[in-house]
Amino acid sequence: MSFYEEKSALSREKRSGAISHYHGTLASLIADAAGDEIPQRIRTFTQATYDDILSALIALRGIRDAAIVVHGAAGCAAAACALAQAGGARWYSVNLSERDSILGSEAPLREAILRAIAEGAAAVFVVGTPVVAINNDDVNAVLLALEKETAVPVLHVNTDGFRSKSPLSGFDAALHALLRLVDAPGECGERDEYGERGERDERDDSAREAPDGSHPFEPDLSKLLFLPHETPLDEIKPDGAAQNFVNLLAVRDNVRNIAAIASIVDALGINWNLLPGLSSLENIRRAGQARATVSLNSDESEYLGLGLEAAFGTPYLRLPAPVGRAATRRLVAGLAEAFGLGDKADVWLRAQEAALQDVLSARPLAGKKIFLQMDMALVEGFSELIRDLGGELAGVALSSVDLNNRKHLARLEAAADIPALVAVGQPFEVANVLAKTPVDYYIGPEQVAFAARFGVKPISLRGAVYYGYEGMRAFAARIGGPHPDFRERVRGEYTESWLKKNGGWHVKREVR
Amino acid sequence: MGNIRNPRTGCALHGALSTLEAIEGLIPIVQANAGCAIQHSLACRDSGGGYIGGLAVPSANIIDKQIIFGGGSRLREQIKNTVKVVEGRLYAVLGSCECAMVGDDLNGMAREAAEQGLPVIGSNIAGFHGGAHSGYERIFLDLIDGLPGLESPPAPQREDGSRPLVNIFGIVPASNPYYKGDLQELQRILEAIGLRVNGFFGPGGHAALYSMPDAALNLVFSRWGEAIGAKLEEKYATPQLIFDAAPLGLDETGFFVQTLAERLDLDAAAAERFLEREEAWSEYFLLGGADRYFDDGAGKSAAIVGDTETVLRIGGFLSRSAGLDIKAAIYTDLAEGEELPADFGGEAQGTRDGGEIAEILRGSGAALIFASSLEDAAARALGAPLLAVSHPLRDKFAASQTYAGLRGAVALSADILTLARQGRRAQEEGLTRKIAAASNRQYVWPTCGSGSV
């Protein structure tokens, strides 16, 4: 049985030997990762971090005709205040009480799912939480019965907040459920406009035009982004032949990055199908018909690419995240090969690289030491970009490292003596490194203001464009701007003794 | 309890976290799975902001092994190392749903640390015990129980030591996104009439906790402070004075000041002079506002959504002082079946369900909406401008802004006039475009001025 046919996704630890706790140097991390497995470590002091539930919610939030039902107490869905997107999935909390945790939660779950369907959801993702997992409620029985009763897909996202130490496991759990919605080749032609799995509720679109309490927060760019090269559904032939479009997999990628890559794919004249971020069920259903699949950030979306390849034969192009020249070139070359573009792509690439020369020749990071905090998938591209701009890597904090990352780590070997953490968050460890290591710039999506307290200039990647050629130009433009000095204004949070201590003192080998 | 669409209020653990994060020197230690504290920080990222928060909160991040075999030893290790790594004056261990279900002896672990001389207390809270407001109440009750067992810091030297000290309860951090400004305005008023305020939130908060028993009076501004006031009365014989909500506007503030002056035997003439001076300043700030009020039709109808304290405070001001007709009042912190706290004459309901709230707002036909950022879509559907007065806020950074007391009344009046002008302008722009399109001529919108004749 292939992995996508299993009841649920394996954790990252089991699937790829992922570790999420490490404190040492890049050299020691590379040595640790060289064997058949990477030793699991644990921290004996930890700060709050993301779990698989939050990752699953992030992966599913952009699917505009779906509903997310968080099967837990009200607090387990509190992040909706920040994560819910206008025009994205609708959010429901089952709102379990202490009584439900004792007597079982099947009845309130059923009620919440039926409500979501009645209010227009064309698919329902039920996201698991610790209360339900500890109680061992029979969730699948409820879901199967309701699916039969309503003819709407009701999918279990098997998360619980405690089985995996890697938040990335939550992306896999959500994408595993999502794979069930993908049509097999030939299925599309046999369906009516909206598919046989559920009648589309006409109230749905009108409700979105006339707001009904769905989250209004973020602009719905999906329609705009889909316009240029979206393939009309009737062009997808039922014979199972690969079609002239590529799946672009974006999970946590921000809209500016998505737009930067979409513009490259557009320039190559290739149609694209974006999922699961800013998508619809139609985008998901057709994903099995694509000629190829590309992840923008493989740490987050690889599971879906591999699943589409295993289940539908859609080739998954194993490409690095399109950060920096080499990775962007590889993206273009990979697409050119898959779509038989010949010299056209080369001509386009040469023009783009020529236009970039003035940015690179300025070397705005010359002589500067850089600390990177990001996913493993982005580090290689960023380290090349930093070198191109004249800078030098001085430390890394990676969200996760697994056996598949070994070749990426090896390519960073030139900087092997620098501090290396594997952690999501854990600012106390970053503080320990920044207190001892000379660093000029801190680059990452998290904790940037915190880094500024150590006199380091932060460049926040949150919401910023850094993919493709547009990303390289935008990133270079942010270097050297004015930076307020926060050192005198904010009191330290950590003890002096900790800041002087060996930063790996509290990270131990896990005893199983 | 019923399911919730677009959940907004978080859980009891989140309320306790918001409270602790707002007190200087307090460090929460969460005995929960990794995501619990992050759910809270995402939900409140624009509504609170404390001394510690988000990824910096110490959390045991419990895993399956601790679910199966119990998390006691992991918690012991986490407490010991938190004290070594994170600078704090007092550490509060918070439970969670998992911790409650597994049966971890959280209070035992906290007691064990305290016996070793560490300033640690425990609060056996769980998310499914209630919403964020109940977490505020619970953590204060546990602080009152836990603090006497710990060594207290030296009492701060105060120049105004002869003035009576008062505690303030019932203004819930983050659940009231303007809590910092609201509390500061209350403190300004109280100090002006001769009192000292024992401020928990903000600089000096840790020391203020230990001064709780020294107060002459506990001022309670919502139902969520009543149990705290009752506990202090029982334990230290400190009386409490309960108000339904913080005062807003001259009338309410006047009543509040006079009540206090009588109760604590303050200089009534001085209090009167303060009110007269404040009234004169309020009038000065709002000079010219009356014309706009009538020109822009600000005195229309309104709907309000928020927790009980917010609805009573702002709803009361809108209806009594600003002359607005309250078409809908929606309370987001009531328990199922709980009696509605006030009747403003229009539709009233207790719900925190986003779908129900949107439906009530749509049916209200209100011209101005006072709610959270979640109601933005419903307000747009109504064509009514929205002022974000309740949690969650989005985009706005509240800092010291207040909708309480006298300065809050000026701010709210100014915001109402601004909203009314924006509503009028949007309507006129729409009509102008329609007319321009109908007459098939190109129309250039003027760069300044109201655009009206």
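## Exercises on a predicted two-chain model

Leu278(A) sits in the loop that links strand 8 and helix 13 (281-285) of chain A; helices (H or I, at least four residues) and strands (E, at least two) are DSSP runs numbered from the N terminus. This is a predicted model, in which local features need pLDDT of at least 70, side-chain atom pairs count only at pLDDT 80 or more, and totals for chains, interfaces and linings use all residues. Residues are numbered from 1 along each chain as its sequence is written, and chains are lettered from A in the order in which they are written.

**Exercise 1.** Decide whether Leu278(A) is buried or exposed.

*Solution.* Start with the cut-offs: a residue is buried if 20 or more other C-beta atoms, placed from the backbone, lie within 10 Å of its own, exposed if 12 or fewer, and partly exposed in between. Next, take the count: Leu278(A) has 26 C-beta neighbours inside 10 Å, so Leu278(A) is buried. Finally, look at the backbone: phi of Leu278(A) is near 50 degrees, a positive value in a residue other than glycine.

**Exercise 2.** Work out how helix 3 and helix 9 of chain A are oriented to each other.

*Solution.* Begin with the geometry: the axes of helix 3 (residues 52-60) and helix 9 (residues 168-179) of chain A come within 7 Å and cross at roughly 50 degrees. Axes here are lines fitted to C-alpha atoms over the stretch in contact, and angles run from 0 to 180 degrees between N-to-C directions. Now classify: angles under 35 degrees count as roughly parallel, over 145 as roughly antiparallel, 65 to 115 as roughly perpendicular and the rest as oblique. Helix 3 and helix 9 of chain A are therefore oblique to each other.

**Exercise 3.** How many residues of chain A are in contact with chain B?

*Solution.* Two residues are in contact if their C-beta atoms, placed from the backbone, lie within 7 Å. By that rule, 63 residues of chain A are in contact with 63 residues of chain B. Elements that give two or more residues to the side of chain A include helix 3 and helix 6 (106-118).
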